[in-house]
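Let's take a friendly walk through a protein chain together. Keep the sequence and the 3D view open as you read.

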Amino acid sequence: DVAFVYTPSASLCSNASSFTTAVCSRSSFVPRTPAVVSPPLIVAAPARQKNIQASVDHEALNEEWAQAKKTPTQIIDHAITNFPGEVAIAFSGAEDVVLIEYASRTGKPFRVFSLDTGRLHAETYRFFEEVEKHYGIRIEYTFPESQEVTDLVNEKGMFSFYEDGHQECCRVRKVRPLR
């Protein structure tokens with residue numbers, strides 16, 4: 001049920017604001033491979049309260065945008081315009097700030113959310129605050145169910161994921177909270 005999917009690349013950072021470029025350069029930014037190759041599509045996950053049932057031919061749209069040479073700002077504008085209040089940018093750190101940069105360029109209101117697994121570093125929280133202040137936005141935070149985390153930690157310990165893989169920990173801390 002994701003309307004659009006995009007993974008930022010280094011070239012997008014180079015076209016961004018000085019704030020975004022500084023963030024990309026000071027992070028250990030490693031470009032990820034986009035799921036859809038051309039052009040970049042934007043992470044616009046459905047809002048938790050609503051279920052987007054879009055009948056969009058993503059491959060055809062991707063081809064159309066590639067031929068039209070749509071910019072990231074134009075693609076984000078399309079998502080914000082066509083799904084007002086129903087899409088949000090998934091934000092987890094430094095390289096994702098480029099999405100917020102392009103959304104801010106549309107001049108339209110947009111939503112940003114982050115999943116706080118309870119295992120983030122203090123620097124991450126400070127960075128979230130810096131981004132909120134710079135762009136004048138509020139990040140919507142999603143958390144895992146406290147009882148599930150308590151049960152997992154009490155049964156298996158704080159660092160069970162080092163011993164038995166990440167599946168159970170990720171299911172409790174990441175997968176379930178985003179449903």
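## The chain as a whole

Of the contacts in the chain with a separation of 6 or more, 76% are between residues 24 or more positions apart; contact here means heavy atoms within 4.5 Å. This is a predicted model, in which local features need pLDDT of at least 70 and side-chain atom pairs count only at pLDDT 80 or more, while totals for chains, interfaces and linings use all residues. Residues are numbered from 1 along each chain as its sequence is written, and side-chain values use heavy atoms, with hydrogens and water left out.

The chain has nine helices and four strands. These are DSSP runs, numbered from the N terminus: helices are H or I with at least four residues, strands are E with at least two. Along the sequence they follow the pattern α-α-β-α-α-β-α-β-α-β-α-α-α. Buried residues make up 41% of the 179 residues (buried means under 20% relative accessible area, exposed over 50%, partly exposed in between, with a 1.4 Å probe and protein chains only).

Which residues of helix α4 (residues 72-82) are buried? They are Pro72, Thr73, Ile75, Ile76, Ala79 and Ile80. These residues cover an arc of only 165° around the axis, so they sit on the same side of α4. The arc is that of the directions from the helix axis to the C-beta atoms.

Lysine 69 lies in the loop between α3 (58-68) and α4. Its phi is near 55°, a positive value in a residue other than glycine. Lysine 69 is exposed, with a relative accessible area of 68%.

## Two pairs of helices

Start with helix α5 (residues 97-105) and helix α6 (residues 122-135), whose axes come within 11 Å and cross at roughly 10°. Axes are lines fitted to C-alpha atoms, for helices over the stretch in contact, and angles run from 0 to 180 degrees between N-to-C directions. α5 and α6 are therefore roughly parallel to each other (angles under 35 degrees count as roughly parallel, over 145 as roughly antiparallel, 65 to 115 as roughly perpendicular and the rest as oblique). In α5, Val97, Ile100, Glu101 and Ser104 meet Phe127, Val131 and Tyr135 of α6.

Now turn to helix α7 (residues 146-156) and helix α9 (residues 167-175): their axes come within 9 Å and cross at roughly 155°. α7 and α9 are therefore roughly antiparallel to each other. Glu148, Val149, Leu152, Val153 and Lys156 in α7 meet Glu168, Cys169, Val172 and Arg173 in α9.
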